[in-house]
Amino acid sequence: MPSNKSVSDAPIVQFTNCRILREHRLQREDLWVREGKILNPEKLFFDEKGSADVQLDCKDSIIAPGFIDVQINGGFGVDFSLATDGFKSGIDLVSRKILSHGVTSFCPTLVTSPPSVYHQVLPQISIRNGGTHGAGILGAHLEGPFISKEKKGAHPEHCLRTFEAGAFQDLLATYGSLDCVRIVTLAPEMKRSGEVIRELTKRGICVSLGHSVANLSQAEEAVQHGATFITHLFNAMLPFHHRDPGIVGLLTSDKIPAGRRVFYGMISDGIHTNPAALRIAHRAHPRGLVLVTDAIAGMGLAPGRHTLGQQVVEIDGLNTYIAGTKTLSGSVATMDTCVRHFQEATGCSVETALEAASLHPAQLLGIEHKKGTLNYDSDADFLMLNDGLYVQTTYIAGEEVWRQDAFSM
């Protein structure tokens with residue numbers, strides 16, 4: 001057997017008997033991994049004269065990129081919007097537990113909170129790679145407090161803020177630091193939001209439109225300033241109206257700058273969005289759909305009372321409400337459940353459902369060269385799934401980090 005040691009001492013693992021999601025379709029070929037990256041076998045054979053050190057039979061599994069959740073508020077009793085002494089161990093727990101849902105990277109999300117919470121919590125969130133310790137952290141998603149009072153949803157009204165006094169300086173003072181921030185959700189109809197969107201975009205932070213009463217022209221203007229995402233489409237925004245479709249109209253707007261794509265998050269849990277609305281959005285703009293869980297601390301726990309930032313919420317089956325109301329407040333859905341529900345509700349292909357939770361969020365964040373894909377030289381973060389899209393094994397950097405039949409980690 002020819003040796004591959006001339007190029008690298010690292011072992012080469014060959015995954016055989018599988019269907020790989022690559023170039024938008026499932027392809028029956030092997031997956032080669034070395035040093036945490038997807039390897040091009042042709043280069044290996046012809047340039048290095050190398051071969052596999054280990055072969056793994058995947059037993060006809062689907063191999064897909066790891067899921068990326070860009071909106072998750074917590075889970076398993078941990079609330080990312082609470083400044084507790086055990087915040088770091090809490091975020092570690094969630095990152096470890098969501099491996100079983102196929103999530104290999106995520107954006108811990110904070111709902112509208114007082115400035116003191118941002119000042120205490122954000123310095124404790126560090127961007128890091130995933131591994132046996134848990135899913136990778138891509139940076140925080142700050143949902144609020146610069147949102148509309150009319151569409152606050154589960155966000156506490158007394159913590160809402162505006163940009164009117166100092167615009168971007170107000171935002172900086174509220175958050176304290178933007179070092180670990182990846183996404184900011186704001187309402188684009190607010191005065192001076194345009195300059196804030198431009199400043200955030202300049203810093204490489206993704207701006208999302210949500211919790212808003214914006215009309216379509218205000219939403220289009222925000223996109224022209226640099227906004228690229230819509231937070232949980234249909235939820236906490238003006239309903240679609242044929243004379244002014246509001247933020248929803250961005251899905252088919254002809255005012256989007258050339259070369260720009262608007263993405264939109266959808267909570268595909270069977271509760272937040274009727275399957276017909278899910279189908280309408282998907283058919284109108286399939287390449288922009290990003291599945292998010294919007295999961296709260298109660299995900300993975302029994303029904304009852306839990307928290308979402310400053311609010312008390314009640315879980316009743318799969319419904320989560322602000323205690324004493326019928327206002328929806330996040331979800332308890334897992335990402336793999338959302339993928340299966342999306343595929344079932346829309347009748348889309350397996351490939352499309354998997355890419356909505358992997359490729360599209362990676363494209364939104366501009367990391368599709370290394371995440372959300374199984375192209376050569378990308379990170380070897382991937383899942384083995386059965387035909388029912390149930391996760392069997394989760395890999396990060398080519399290393400098995402969770403397996404269905406192993407003890408829960």
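Q: How many bridges pair β3 with strand β4, and in which sense?
A: Two bridges, in the antiparallel sense. Strand β4 covers residues 37-38. Keep in mind that this is a predicted model.

Q: Which residue stands opposite Lys37 in β4?
A: That's Arg34.

Q: What do β3 and β4 form, and how many residues sit between them?
A: They form a hairpin with two residues between them. Glu35 is in the turn, and has a positive phi of about 50°.

Q: Where do the side chains of β3 point?
A: Leu31 and Val33 point one way from the strand. Trp32 and Arg34 point the other way. All of them are buried.

Q: Which sense does the pairing of β1 and β3 have?
A: Antiparallel, over four bridges. Strand β1 runs over residues 12-22. Phe15 has Leu31 in β3 as its bridge partner.

Q: And β1 with β5, parallel or antiparallel?
A: Parallel. Seven bridges join β1 to β5, which is residues 54-65. Gln14 stands opposite Gln55 there.

Q: How does β5 pair with β20?
A: In the antiparallel sense, over four bridges. Strand β20 is residues 382-385. Ile63 is opposite Met384 in β20.

Q: New topic. Where does UniProt place the "binding site" feature that includes His211?
A: The unreviewed entry puts that feature at Glu143, His211 and His232.

Q: Do they gather at one spot or lie apart, and why?
A: They gather at one spot, because no two of their C-alpha atoms are more than 10.9 Å apart. That holds even though they span 90 residues in sequence.

Q: Where does His211 lie?
A: In the loop between β13 (206-209) and α6 (216-225).

Q: Buried or exposed?
A: His211 is buried, with a relative accessible area of 3%.

Q: What does His211 touch?
A: Leaving out residues up to four places away in sequence, its contacts include Glu143 and His232. Lys151, Lys152, His155 and Ala236 are also among them.

Q: What about Thr185, where is that?
A: In strand β12, residues 181-186. Thr185 is buried, at a relative accessible area of 0%.

Q: Which residues is Thr185 in contact with?
A: Setting aside neighbours within four places in sequence, the contacts include His141, Leu142, Glu143 and Gly144. Ser208, Leu209, Gly210 and Thr231 are among them too.

Q: Which positions does UniProt list for the "binding site" with Asn235?
A: The unreviewed entry lists Ala154, Asn235, Ala236, Arg243, His272, Leu328, Ser329 and Gly330. The farthest two C-alpha atoms are 29.8 Å apart, so these residues do not all gather at one spot. They span 177 residues in sequence.

Q: Where is Asn235, and what does Asn235 touch?
A: Asn235 is in the loop between β14 (229-230) and β15 (263-266). Not counting residues up to four places away in sequence, Asn235 touches His272 and Thr273. Asn235 counts as buried, at 14% relative accessibility.

Q: And Gly330, where is that found?
A: In the loop between β19 and α8. Gly330 is buried too, at 8% relative accessible area.

Q: What touches Gly330?
A: His272, Asp294, Ile296 and Thr320, not counting residues up to four places away in sequence.

Q: You mentioned β19. Which strands form the sheet with β19, and in what order?
A: The order is β17-β18-β19. These three strands form an open sheet with antiparallel pairing. The edge strands are β17 (304-308) and β19 (319-322), and each pairs on one side only. The twist averages 35° from one strand to the next.

Q: How many bridges join β18 to β19?
A: Four. Strand β18 is residues 311-316. Ile315 has Thr320 in β19 as its bridge partner.

Q: Now α8. At what angle do the axes of α7 and α8 cross?
A: Roughly 85°, and the axes come within 9 Å. Helix α7 is residues 275-284 and helix α8 is residues 335-346. The two helices are therefore roughly perpendicular to each other.

Q: Which residues meet there?
A: Pro275, Leu278, Arg279, His282 and Arg283 in α7 meet His341, Phe342, Ala345 and Thr346 in α8. By class, the contact has four nonpolar, three polar and two charged residues.

Technical notes. Residues numbered from 1 in each chain as written. Predicted model: local features only at pLDDT ≥ 70, side-chain atom pairs only at ≥ 80, totals over all residues. Heavy atoms only, no water. Axes fitted to C-alpha atoms, helices over the stretch in contact; angles between N-to-C directions. Parallel < 35°, antiparallel > 145°, perpendicular 65-115°, else oblique. Contact = heavy atoms within 4.5 Å. Nonpolar A, V, L, I, M, F, W, Y, C, P; charged D, E, K, R; others polar. Pairing = 2+ DSSP bridges. UniProt positions renumbered as here; feature names shortened; annotations may be inferred. Buried < 20%, exposed > 50% of the residue type's maximum accessible area, 1.4 Å probe, protein only.
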